[in-house]
Amino acid sequence: MPSKNASNPSFSHADPFEEYLGRLAELTGRSDVSEGSYYGELKSLLESIGRGQDIRVLPLPRPDENGAPDLRVTRGESHLVGYVEVKRPGANLEQIEMSPQLKRYRDGYPNLLLTDAYEFRLYRQSRNVLRVHLPQYWIGKAANRTAPKDGPNELGELLDAFFDFEPSPSRNA
């Protein structure tokens, strides 16, 4: 059976992507969900796409000197890949990107994802280097946002770039 990762061009990100969007639509339509309700779906997506790289996701890791991002992503048990900060769907990521919390995270973590579960922003060394905006199959506060142009291939490329990050030896994450 072929490995499901970036080194295997025959791997399609569409299956985990479609499952993810379906589960998001179910969650987002409910009135009793919080930001934390999306951690499990993001964990499943990341681990599914990163399966061939032994990607593992820990929700709510212990805080460090930079704060407490929502998800810690490793390769295997201990090789740190990066962190994910999750906001509720429809959150204004432009505004959040400029907040003191995100500035601290961008400065402190060399490989960071910011997401509202539909939009993903990858930061490297404090700079936004990739952005993917997925289709939203729900009506809500974000309904007036620009139409998404991205799909499973773009999200797969962003996540592959996130997973492939190697920190410089002089910087601790």
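Tutor: Helices α2 and α5 are roughly perpendicular to each other. This is a predicted model.

Student: What makes α2 and α5 roughly perpendicular?

Tutor: Helix α2, residues 39-49, packs against α5 at an angle of about 80°. Angles of 65 to 115 degrees count as roughly perpendicular. The angle falls in that range, so the label holds. The two axes are 10 Å apart.

Student: Which residues make the contact?

Tutor: Leu 45, Leu 46 and Ile 49 come from α2. Leu 155, Leu 159, Asp 160 and Phe 163 come from α5. By class, the contact has 6 nonpolar residues, 1 charged residue and no polar ones.

Student: How do you know that the length of helix α5 agrees with its residue count?

Tutor: Helix α5 has 12 residues, 152-163. At 1.5 Å a residue, they should span 16 Å. The end C-alpha atoms are 16 Å apart, so expectation and model agree.

Student: Which residues of α5 are buried?

Tutor: Leu 155, Gly 156, Leu 158, Leu 159, Asp 160, Phe 162 and Phe 163. An α-helix has 3.6 residues a turn, so residues three or four places apart point the same way.

Student: Why is Phe 120 called buried?

Tutor: Its relative accessibility is 1%. The cut-off for buried is under 20%. Phe 120 is under it, and therefore counts as buried. This residue is found in strand β5, residues 119-124.

Student: What is Phe 120 in contact with, leaving aside its neighbours within four places in sequence?

Tutor: Its partners include Tyr 20, Leu 42, Leu 45, Leu 130, Val 132, Leu 155 and Leu 158. Leu 158 is 38 residues away along the chain, yet the two C-alpha atoms are separated by 8.2 Å.

Student: How do you know whether Phe 17 is buried or exposed?

Tutor: Phe 17 has a relative accessible area of 3%. Buried means under 20%, so Phe 17 is buried. It sits in helix α1, residues 14-28. Beyond its neighbours within four places in sequence, Phe 17 is in contact with Leu 45, Leu 134, Pro 135, Gly 151, Pro 152 and Leu 155. Phe 17 and Asn 153 are 136 residues apart in sequence, but 9.2 Å apart C-alpha to C-alpha.

Student: What makes the phi of Leu 60 stand out?

Tutor: Phi is near 50°, a positive value, and the residue is not a glycine. Leu 60 lies in the loop between β1 and β2.

Student: Why is Leu 60 called exposed?

Tutor: Its relative accessible area is 58%. Exposed means over 50%, so Leu 60 qualifies.

Student: Where does Ala 117 lie?

Tutor: In the loop between β4 and β5. Ala 117 also has a positive phi, about 85°, although it is not a glycine.

Student: Why does Ala 117 count as buried?

Tutor: Its relative accessibility is 0%. That is under 20%, so Ala 117 counts as buried.

Student: What do the buried residues of α4 pack against?

Tutor: They pack against β3, α3, β4 and β5. In α4, residues 100-108, the buried ones are Leu 102, Tyr 105, Arg 106 and Gly 108.

Student: How many helices and strands does the protein have?

Tutor: It has 5 helices and 6 strands. From the N terminus on, they run α-α-β-β-β-α-α-β-β-β-α. Buried residues make up 48% of the 173 in the protein.

Notes: Residues numbered from 1 in each chain as written. Predicted model: local features only at pLDDT ≥ 70, side-chain atom pairs only at ≥ 80, totals over all residues. Heavy atoms only, no water. Helix = DSSP H or I, 4+ residues; strand = E, 2+ residues; numbered from the N terminus. Buried < 20%, exposed > 50% of the residue type's maximum accessible area, 1.4 Å probe, protein only. Contact = heavy atoms within 4.5 Å. Expected span 1.5 Å × (residues − 1). Axes fitted to C-alpha atoms, helices over the stretch in contact; angles between N-to-C directions. Parallel < 35°, antiparallel > 145°, perpendicular 65-115°, else oblique. Nonpolar A, V, L, I, M, F, W, Y, C, P; charged D, E, K, R; others polar.
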